[in-house]
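I set down what I looked up, in order.

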Amino acid sequence: MPSGDEVSGPSVRADGFGLVPPASGDEPTGDSGMSGVPFGDEPGESASGGSNSGAAAALIFGDASEDAPDASERKLFTGAAPAPEAEAPEPAPPETPENPEEAEEPRRAVRTEAVRRPDRSALALAGTTMRQSELTRALGELRDRLGAFEFVLDVPGVEEAREARSELRNQLEDYVLPRIQAVETPLLVVLGGSTGAGKSTLVNTLVGTRVSATGVLRPTTSSPILVCHPDHADWFLEGPLLPGMGRVRGPAPDAIAGDQLVIIASDAVPRGLALLDSPDFDSVFEDHYEFATKLMAVADLWLCVTTAARYADAQVWQMLRRASENGATIGVVLSRVPQGAGAEVVGHFGDMLDEHGVGDTRRFTVPETRIEDSRLPEEAVEEIRGWLVGVADNAGDREFVVGDTLGGVLDSFRTRVPEVARHVEAQVEQRDELARIVESSYGTALAELDEATRNGSLLRGEVLARWQDFAGTGDLLKSLHIRRTKSGKRHGAARRQRGPTRVRALKSALRAGLESLIVSSAEHAAEQVIAGWREHPAGGPVMAEASASLGTASPELARRVTRAVSAWQDHVQDLVRTEGVTKRSVAKLVSFDPEALALVLMVGLLGYGTSDVAVSGNSAVPQRLLKALFGAESLRGMGAKARADLRSRIGMLFDEEAIRFGQALDAAGIPDQTVPAQLYQATHNLEVAR
Amino acid sequence: MTTSAIPASTGGVARPAPSAAAPEESSAVLLARLDALDRMVQAGTGRLDEPLLADARTLLDRAGERLRLSGDHTVVTFAGGTGSGKSSLFNAVCGLDLSPTGVRRPMTSKAHACVWGLDGAGPLLDWLDVDKRHRYARASALDNSADQSLQGLVLLDLPDHDSIQAVHRAEVDRFVTIADLLVWVVDPQKYADAALHRNYIVPYARYAAVTLIVLNQVDKLQPGEVDDCVADLRRLLEAEGLAEPRIVTTSAVAPDGVRNLRDVLVATVAERQARNARLGTDVERLAERFAAYRGEAAPPSAVPAARRTELIEELSAAAGAPAVAEAMESAYELRAADFVGWPVQTMITRLRSDPLRRMRLTELREELRGAFTGPVGAQQGDVDNALAGVTAGFTDDLPDVWARSVRAAARTHAAELPEDLGAALREAVPTFNQVPRWWWLVKTWQYFLVLVAVLGVAWIGLLVAFGLFELGGADPHPLLGEAGLIPYVAVVAICALGMGWLTSSACRNMVALSSGKHGDRMERHMREQIEQVADHKVIRCVADELTHYTRFRDDVEAARG
């Protein structure tokens with residue numbers, strides 16, 4: 001386990017190479033971060049640069065004070081590479097010139113660390129495979145979790161979140177998973193940078209032959225070109241790295257599809273090295289930018305090439321920041337430096353690098369010179385070549401860089417995945433807000449409806465006219481019969497006919513009134529929801545997905561309401577029949593027609609005489625009549641039951657209406673709260689597996 | 001506003017052909033379009049998206065300001081990426097080292113201005129908000145023929161737009177919005193940069209007429225490469241929708257390297273068209289955005305007749321007009337029964353057992369009789385549903401916002417409608433409340449008949465008493481004593497009773513007839529009243545909104561030019 005609290009890959013690696021005297025000028029300053037490493041190297045030989053390098057060293061080489069699992073993890077990064085052992089059979093002090101020609105300081109510095117590794121890795125061979133499979137599983141799980149949702153809502157920052165998510169996935173897919181399984185492959189150096197910075201020219205020069213097209217037209221390179229030693233060409237051609245990209249064996253044909261990786265085998269490239277000329281990241285072609293970021297993520301070493309004319313471009317710094325956040329190991333090349341102005345530009349550029357927190361990267365300068373046969377003069381790239389070859393030749397250095405980058409990337413997951421998860425949480429939050437709008441709209445509608453069925457606002461227009469007709473003509477009184485006599489029948493046939501007609505008319509008027517009230521409330525609620533969603537920043541995409549009919553009540557509502565209201569009327573009638581036990585004193589005298597009295601009860605319930613229908617002397621006629629018939633107690637019971645029944649029926653109708661909005665939310669594919677939890681869990685699992 | 005494509009191979013510049021319209025004429029056209037835009041903004045307030053309206057208001061303000069300020073000056077901006085050589089170019093055109101140049105990036109951080117011809121330039125520069133320290137003038141003191149030809153030019157050297165200094169970008173954005181001629185300075189290294197193309201070239205693609213692309217630093221290319229480079233740049237620009245891009249090549253270090261650029265500037269300044277062309281394109285671009293709210297199909301000018309009829313039907317139902325009429329008929333008949341009914345029969349009914357009396361609720365009967373209070377309001381739910389229906393159908397063809405605003409217009413008075421409908425119905429009721437005179441006659445007649453019957457019965461009683469039982473003495477009055485009169489008197493009394501009953505039923509039929517007639521008349525009357533309410537409170541509002549929309553459509557067309 002890395003013991004350092006913030007492990008930052010790039011700076012570490014830079015330090016690893018940072019001992020080249022001319023450029024970085026970093027003199028070894030001690031091994032402050034490596035105090036836990038019990039190897040007896042002199043401080044001056046170890047990588048310098050403070051806690052970062054120490055943490056990285058711990059990450060890769062483990063810590064003596066820790067136990068077997070840590071050792072096995074070390075093993076993971078170094079793999080089963082026998083090369084170091086072959087090269088450095090015993091952990092000899094680095095000062096001992098094994099290879100006398102190896103005069104370069106940085107190589108020595110790196111090697112020093114590299115040679116320590118074998119004796120540690122031997123401790124934990126048994127655990128390695130298990131560890132590795134566990135880690136692979138944890139990474140696979142993380143990848144799947146990251147792919148299992150979509151950022152649907154346009155909340156602030158969602159673009160970044162989408163990008164971060166796909167970057168994470170791609171990095172897992174393209175780089176981390178393949179890298180973990182194949183450690184001994186060559187060091188992949190990716191040259192990224194601005195258009196016109198001379199990436200291809202640099203590659204051509206380094207390889208010594210024209211492998212990548214150069215020219216004055218921008219952008220020049222559209223397909224990434226990978227140059228490696230013939231021995232490794234097959235691995236790159238079939239290998240698991242960048243599984244999503246097509247492969248073409250070079251030399252590059254002039255016209256190839258953009259998403260093809262051109263692989264060129266060249267003897268000029270050392271065995272341990274592969275150079276990748278990536279497209280620019282700042283030209284008008286969006287796909288170039290995508291490639292550039294994709295390739296940046298798979299780089300063991302990302303060499304950012306920029307020019308004296310554009311080193312202040314925002315895009316350059318954005319990419320550098322991104323690379324360092326993603327745990328890449330970075331080197332920078334400032335090319336096309338005009339003759340004579342070199343010192344000022346390089347100085348300013350150096351200041352800017354420091355200012356942006358990438359000051360300890362390895363820096364190179366290439367002057368603006370004439371280009372011949374797509375190549376720079378050899379002396380312009382000598383420094384870069386020397387450095388690259390140095391790293392590549394030595395398996396220990398190479399593994400250090402590879403492992404450090406991998407460690408840096410895995411470390412970056414610790415912050416990047418939770419960051420994505422937080423964005424998912426923001427989406428979940430938005431979804432909840434949308435759901436709350438639905439809830440409150442229908443809640444308000446229900447409350448208003450409750451009020452409207454209580455304050456008498458329903459008793460207007462037709463309902464009132466029918467009630468007047470029913471009550472005023474005496475039909476109401478005729479529904480009460482004197483017991484023992486059948487006196488009602490004495491009246492004319494015409495009267496008898498009209499009685500039930502009026503009852504029926506009032507009943508259907510009541511039903512129609514209630515129905516239209518409920519339907520219009522439901523319409524209103526739906527409109528409110530849509531209006532609320534429209535106002536809400538997250539509402540747009542949801543409504544784009546949903547059908548247009550969402551803004552109005554559902555087409556079946558009218559039918560359902562009719563059913564519900566008639567069911568309620570029947571229920572009230574049953575109540576009157578079964579519970580409306582007349583007072584004993586009255587029961588001896590009169591019997592009644594339950595249908596008519598149910599209507600009287602409904603009119604009373606709906607608030608007759610409570611508000612604007614209050615007419616002098618006429619208040620509460622239904623209540624008084626019913627009270628006289630049933631007694632106050634029983635009437636209250638019936639009233640409460642009837643009202644509760646109505647409310648629950650309307651509530652049910654509204655619930656069904658509101659479900660449609662829930663479905664729209666589901667259909668929009670907004671992640672729910674399980675997604676962020678899973679992401680946190682997957683990150684945790686990864687940490688455990690490491 | 002014609003542009004001539006410059007042949008890339010020559011790198012030279014053909015002067016834009018002189019426009020047919022004089023500056024004054026094009027100003028008039030521009031003003032008309034700005035007026036249309038102003039009306040669109042007014043019509044759109046509260047209806048269209050606020051950001052769009054805000055943009056339109058900003059443009060109207062800006063255009064007003066710019067038109068008020070010197071029309072003799074042409075504001076030209078040099079903008080481009082860092083290191084493209086804007087300042088070197090600026091200095092080369094000015095002929096003086098006014099703007100600092102160097103190798104550090106970014107170099108220029110504040111806009112520099114150089115003016116040829118000072119008259120009226122001061123307020124213009126104030127409006128452009130150029131720092132006084134960075135203003136320079138090429139006035140007549142430095143007179144030479146070349147400067148004379150650039151009379152009226154306001155040249156601005158802007159900071160870069162792509163460096164890490166975010167404030168530079170804001171500065172560029174500000175100037176690019178108000179410049180008359182946009183000059184984009186690119187160099188062979190950076191001409192395909194996304195930052196320039198995505199942020200400026202593509203959004204400003206419409207401004208081809210007032211856009212000039214300068215490929216600077218051609219001295220860095222081999223002679224043969226220049227043409228390739230220009231051709232590639234042209235292809236790129238055309239692909240981005242910049243029609244017939246004007247490209248000139250320059251070199252600030254080569255002798256006479258900025259001739260081409262200077263020629264274009266001279267032509268543009270002499271024409272004095274760039275300002276109007278630029279503002280015209282601004283209006284056009286905004287009008288395009290407004291056009292999203294302009295449906296293809298012309299809207300109906302009013303609510304279709306069928307919808308209106310439906311609305312009136314539904315509002316009648318909401319107010320319960322037929323039910324009110326029926327209730328009123330019942331009330332009328334009930335009242336008529338008080339007058340024309342046969343009192344004897346009423347009395348008999350009263351004597352029968354009454355459930356209310358037994359429940360000690362007798363007064364309820366009177367209250368129930370008083371239930372006929374006339375129409376009160378209408379069902380809000382029904383009204384809402386009716387209003388939702390009135391715009392159905394023809395709003396489907398309208399763009400969303402307008403469909404919404406038309407629907408909202410229909411509902412302007414939704415809350416007052418129930419009351420209004422109730423009031424309208426009450427207007428129609430009074431015909432029912434009057435009591436016809438013949439009811440009184442009949443009533444009098446009925447009571448006369450009752451009196452006759454009562455008298456008859458009394459007479460018979462007396463006859464019986466006196467005649468049969470000789471109560472009144474031996475010799476009563478012949479009319480009282482003659483028992484033989486009994487049958488006659490009985491016949492009279494029975495006839496009176498019969499006639500009363502007959503009168504009552506005959507009158508009942510008459511009442512029923514006239515109540516039906518009254519009911520029909522009342523329903524007609526109510527309908528008329530409801531029609532009035534519907535027209536006033538619904539139909540007219542919808543028609544007004546449709547008129548707004550129609551005008552808006554015309555204005556969009558006018559603003560698009």
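I began with helix 14 of chain A, which bends by about 35° at Phe413(A); the bend at a residue is the angle between axes fitted to the seven residues ending there and the seven starting there. Helices (H or I, at least four residues) and strands (E, at least two) are DSSP runs, numbered from the N terminus. The model is predicted: local features need pLDDT of at least 70, side-chain atom pairs count only at pLDDT 80 or more, and totals for chains, interfaces and linings use all residues. Residues are numbered from 1 along each chain as its sequence is written, and chains are lettered from A and ligands numbered from 1 in the order in which they are written.

I then checked the span of helix 14 (residues 395-452) of chain A. Its 58 residues, at 1.5 Å a residue, should span 86 Å, and the end C-alpha atoms are 84 Å apart, which agrees; the expected span is 1.5 Å times one less than the number of residues.

Next I turned to the sheet in chain B. I found an open sheet of seven strands in the order 3-2-4-1-5-6-7, with mixed pairing; two strands pair if DSSP finds at least two bridges between them. Strand 3 (135-138) and strand 7 (247-249) of chain B are the edge strands, each pairing on one side only.

Last, I looked up one pair within chain B. Strand 2 (residues 112-116) and strand 4 (residues 153-157) of chain B pair in the antiparallel sense over four bridges. I noted that Leu155(B), in strand 4 of chain B, is the bridge partner of Cys114(B).
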